[in-house]
Amino acid sequence: MTAIRIDKLLFFLRIAKSRSLAHSWTDEGHIRVNGRRIEKGSASVCIGDIVTLPQGEGAVTFKLLAMPLRRGPPAEAKSCYQLID
């Protein structure tokens, strides 16, 4: 798999509790991929892309290192991305 939907990615990486929640984040325009504002949950994300999303008062930025194949345990999810400060 070379690309994945952004809403599915956020769900698989355990950043969003549900895929519908991740989809609503994208519909509201809160997510950026490589600096580009995403407005659809169907937007594709590839390995090496930089994803930014709001969290509390700030923002979280991470680089996608590997494609998650499922919503697995937290350790498996964390091995797929690297946080950027």
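Reader: Why is Phe62 called buried?

Author: In this predicted model, Phe62 has a relative accessibility of 0%, and buried means under 20% relative accessible area, with exposed over 50% and partly exposed in between, for a 1.4 Å probe and protein chains only, so Phe62 counts as buried. Local features here need pLDDT of at least 70, and side-chain atom pairs count only at pLDDT 80 or more, while side-chain values use heavy atoms, leaving out hydrogens and water.

Reader: What makes Phe62 and Tyr81 a tilted aromatic pair?

Author: Rings of Phe, Tyr and Trp (its six-membered ring) pair if their centres lie within 6.5 Å, and planes under 30 degrees apart count as stacked, over 60 as edge-to-face and the rest as tilted. For Phe62 and Tyr81 the values are 5.1 Å centre to centre and 55° between the planes, and the pair is therefore tilted.

Reader: How do you know whether Tyr81 is buried or exposed?

Author: Its relative accessibility is 16%, so Tyr81 counts as buried.

Reader: What makes the pair of Phe11 and Phe12 tilted?

Author: Their ring centres are 6.2 Å apart and their planes stand at 45°, so this pair is tilted as well. By this rule the count comes to two aromatic pairs.

Reader: Why is Phe11 called partly exposed?

Author: At 21% relative accessibility Phe11 counts as partly exposed, whereas Phe12, at 12%, counts as buried.

Key:
Residues are numbered from 1 along each chain as its sequence is written.
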